Amino acid sequence: MMIVKARIHPAIGIARLGNSSDQFFIGPEVPGSFHSGPFKDDRGRIKRQAALFRIYGYDEHDRLVGEITEHEAAIEWSVHVANHKAAWHEFDGLNANTPVRNADVADRRSLVIDPGPRSLAGPHRIATFDGGAFRGRKVPLGEARTDESGRLLVLGGFGTSASVPKGRRLETFANNDGWHDDVSDGPVAATVTLKGHSRPLPLLPSWVVCAPPDFAPAIPSVITLYDTLLHVAIDRGFLSAPAVPSFTRDVYPILSRAVSMMWVSKMVGTSHEMLVPAFGPGAPAELKHHIVHHLRDPALPFDEASEGDMPMLWGDYYEDGYSLALTPTQYDILTKWRDGHFVDDWKGHRPRQSAHITPDGLDRAALEACVGGAMYPGFEASWLLRDHYDLVEPFRLSHQGRAAGDVTKQMSVPWQADFNECEQDGEYGWWPSQRPDDVYPEDGGEQVPWKRELVDTNEDMVDRWHRLGFVVRKGDRFVEVERG
């Protein structure tokens with residue numbers, strides 16, 4: 001098969017902040033995989049997660065031919081990340097008509113941290129994202145590198161947040177004027193010319209998001225960003241929902257993710273215990289009806305009350321007191337399971353994950369490690385990505401009309417304020433799979449608050465986020481490690 005075009009994968013890559021300047025690890029490349037540690041260097045600084053991008057070639061029928069590296073082609077990468085948070089509109093739920101942040105600042109460009117695009121060609125190259133500034137204060141956003149085969153690695157910032165002038169209080173979870181952080185996002189493109197050819201291949205570019213750390217990477221969200229963008233792709237006609245869902249592939253992941261909340265949230269975990277007897281296709285019919293009855297119907301308007309309150313997480317209409325709904329695709333899967341319209345393929349245990357790296361697997365692995373709801377404002381991305389931005393194919397953001405910084409500009413500024421305040425709130429949690437509420441200490445004992453003794457205020461989180469612990473699997477338990 002002859003290569004006639006190329007794509008960059010993952011379609012959306014996820015890098016994560018860390019305050020270690022010289023150590024990093026690569027984010028998941030296979031669905032179901034995750035970094036198991038250590039997460040901190042020998043000085044106790046959090047390692048950054050790098051997003052690794054690969055290029056794949058396809059034939060005239062859009063069939064995969066294989067990966068393209070420096071051995072097969074001349075590759076020049078282009079990366080452009082920026083932070084537009086302080087110049088964007090205030091976040092207020094799903095309200096799009098809000099005033100701008102820092103409305104008293106006439107020079108709006110001074111609020112944008114934009115180092116400009118960077119290019120890299122050849123193996124073992126480095127280009128830093130420096131030169132950007134917030135109100136005259138220099139703010140580095142990380143760097144890009146190439147490995148020995150010419151693949152691209154993008155590393156984000158160092159978790160640095162501050163105010164100009166120094167010392168301003170953090171009054172809200174989302175909209176703090178005078179503050180900045182070093183979260184960023186932007187397009188990833190490449191020029192690829194196969195050896196022996198004079199013209200570069202047509203290529204579909206990618207996007208990178210440089211987000212806060214995931215402190216419980218082995219525990220995925222009930223609704224991942226993959227689930228959310230999968231439904232977007234189905235809703236926009238790119239894909240079709242499973243006509244007859246598989247218990248192993250489609251039902252089990254939803255149930256198991258909900259139950260795994262027990263390791264990072266005492267309240268949510270207790271509420272989800274009812275799901276445990278449902279593991280396996282032979283679950284009693286009355287139990288399946290009971291579970292689906294307790295789900296919030298996603299067909300309801302966001303701001304309409306519902307008898308269902310599962311999963312026990314906050315939704316996009318927090319002020320109205322409504323819980324999160326599964327995506328319509330997830331809800332359809334569980335209703336078909338309830339009605340007996342599914343494939344009984346459960347073997348009594350989750351299937352072993354393949355270690356083979358594929359283009360589709362790269363797309364999925366990156367997004368499954370991210371939060372897909374609530375988008376209030378979200379963890380890695382907010383509702384602009386879900387509700388408004390165009391895709392050119394499943395999971396691939398259109399670059400038409402998009403600019404560096406567009407995916408993260410709705411997010412809280414600085415991220416630590418939201419990180420501190422979005423803990424267990426009444427009956428519901430927020431994102432305990434990324435930002436734990438309660439943890440089991442490594443040396444044993446009952447669950448304790450994740451922030452205990454380290455963080456109380458938003459300012460504490462700015463100063464001490466890197467001292468918090470990570471939740472990892474040890475035997476048949478998930479425990480907190482590397483704290484302090």
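H124 is exposed, with a relative accessible area of 58%; exposed means over 50%, buried under 20% and partly exposed in between, for a 1.4 Å probe and protein chains only. The model is a predicted one, in which local features need pLDDT of at least 70 and side-chain atom pairs count only at pLDDT 80 or more, whereas totals for chains, interfaces and linings use all residues. Residues are numbered from 1 along each chain as its sequence is written, and side-chain values use heavy atoms, with hydrogens and water left out.

H124 is found in the loop between β7 and β8 (126-128). Strands are DSSP runs of E with at least two residues, helices are runs of H or I with at least four, and both are numbered from the N terminus. The phi of H124 is positive, near 55°, although the residue is not a glycine. N102 is likewise a non-glycine residue with a positive phi, here about 50°. N102 is found in the loop between β6 (73-79) and β7 (118-121), and its 3% relative accessibility makes it buried. Most residues other than glycine have a negative phi, and most peptide bonds are trans.

The bond joining M310 and P311 is cis, with omega about -5°, and P311 is placed in the loop between α4 and α5. The bond from G373 to A374 is also cis, with omega near 0°; A374 lies in the loop between α6 (359-368) and α7 (383-387).

The discussion now turns to α4 and α5. The axes of α4 (residues 285-293) and α5 (residues 328-338) come within 9 Å and cross at roughly 155°. Axes are lines fitted to C-alpha atoms over the stretch in contact, with angles from 0 to 180 degrees between N-to-C directions. The two helices are therefore roughly antiparallel to each other, a term applied to angles over 145 degrees. α4 passes α5 in a left-handed crossing, in which the near helix is turned anticlockwise from the far one by less than a right angle. From α4, the contact involves K288, H289, I291 and V292, and from α5 it involves L334, T335, W337 and R338; contact means heavy atoms within 4.5 Å.

Eight of the 11 residues of α5 are buried, so this helix is largely enclosed by the rest of the structure. Among the buried residues of α5 are Y331, I333, L334 and W337, together with the charged-side-chain residue K336. The cover over the buried residues of α5 includes α1 (225-235), α2 (247-260) and α4. Just after α5, G340 takes a positive phi of about 80°.

L391 brings together parts of the chain that are separated in sequence. L391 is placed in strand β18 (residues 391-393) and is buried, with a relative accessible area of 11%. L391 and L229 are 162 residues apart in sequence, yet their C-alpha atoms are 9.6 Å apart in space. With neighbours within four places in sequence left aside, L391 is in contact with V232, R236, F238, R396, L397 and S398.

The cysteines complete the account. The count of disulfides, defined as pairs of cysteine sulfur atoms within 2.5 Å, comes to zero. For C370, the nearest cysteine sulfur is that of C210, 12 Å away, and C370 counts as buried at 0% relative accessibility. For C422, the nearest cysteine sulfur is that of C370, 17 Å away; C422 counts as buried at 5% relative accessibility.

Conventions
Angles under 35 degrees count as roughly parallel, over 145 as roughly antiparallel, 65 to 115 as roughly perpendicular and the rest as oblique.
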